[in-house]
Amino acid sequence: MDPPNMPSPTLTIPNTSYPASTKQAAGHIDGLLTDVTCTSFSDKIMVTITQEGRLAQWIHVPLSVSNPTSTDQYLPTATSEDSLLPMTHLTPKTLLGGSNPQRETIGQLYATQIASFIATKNPHEKRTVLVGLGLSKFEVSRVVFYDTIDLVRKCI
């Protein structure tokens with residue numbers, strides 16, 4: 001029974017667009033359809049790379065540095081030879097997956113390279129990058145690695 005003379009609650013929903021923007025890209029890598037999705041949240045950037053519907057490993061890479069002495073600001077600028085190397089201050093951490101050391105290392109390499117690209121594209125970016133990987137094969141192949149990173153770059 002409602003108490004007398006009590007106003008009913010009202011809910012006001014602001015008329016704004018959804019705060020997470022999403023971009024997608026797809027392509028064939030090593031004969032497998034690979035889907036990349038990049039979702040930009042207010043506190044994180046989530047990148048998923050899937051093949052055959054898999055999503056088996058999650059890695060996060062904070063872009064903000066807690067120790068200012070470990071930033072790249074005092075290091076020489078990258079030359080054309082090392083411009084594809086990941087930034088040295090990025091520290092990936094496997095959250096889920098990485099069932100063996102090789103899978104974990106390769107996953108962290110992908111995540112660090114993606115985070116480096118995001119930080120290079122926008123040096124003021126401080127959000128954490130969350131990478132979900134679902135690659136069918138975890139082989140160390142330069143061509144597959146570069147093709148995958150190139151597909152991610154189209155999405156970011």
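## Surroundings of isoleucine 49

Leaving out neighbours within four places in sequence, isoleucine 49 is in contact (heavy atoms within 4.5 Å) with Thr34, Asp35, Val36, Leu55, Ile114, Gly132, Leu133, Gly134, Leu135, Thr148 and Val152. The model is a predicted one, in which local features need pLDDT of at least 70 and side-chain atom pairs count only at pLDDT 80 or more, while totals for chains, interfaces and linings use all residues. Residues are numbered from 1 along each chain as its sequence is written, and side-chain values use heavy atoms, with hydrogens and water left out.

## The nonpolar core

Ile49 is also one of the residues with the most contacts inside the largest nonpolar core, which has 30 residues, and Val36, Val47, Tyr110 and Ile114 are listed with Ile49. Such a core is a set of buried Ala, Val, Leu, Ile, Met, Phe, Trp, Tyr and Cys residues joined through side-chain atoms within 4.5 Å, where buried means under 20% relative accessible area, exposed over 50% and partly exposed in between, with a 1.4 Å probe and protein chains only. The elements that give two or more residues to this core are β1 (21–29), β2 (32–40), β3 (44–51), β4 (57–62), α1 (101–121), β6 (128–134) and α2 (142–155). Helix α1 supplies the largest share, seven residues.

## Aromatic residues

The structure holds two aromatic pairs, a pair being rings of Phe, Tyr and Trp (its six-membered ring) with centres within 6.5 Å, counted as stacked if the planes are under 30 degrees apart, edge-to-face if over 60 and tilted for the rest. The ring centres of tyrosine 110 and phenylalanine 145 lie 4.9 Å apart with their planes at 50 degrees, so this pair is tilted. It links distant parts of the chain, since tyrosine 110 belongs to helix α1 and phenylalanine 145 to helix α2, 35 residues apart. Both residues are buried, and Tyr110, Phe145 and Tyr146 form one aromatic cluster.

## Overall organisation

The protein has two helices and six strands, taken as DSSP runs (H or I, at least four residues, for helices; E, at least two, for strands) numbered from the N terminus, and along the sequence they follow the pattern β-β-β-β-β-α-β-α. Among contacts between residues at least 6 apart in sequence, 70% join residues at least 24 apart, and buried residues make up 34% of the 156 residues.
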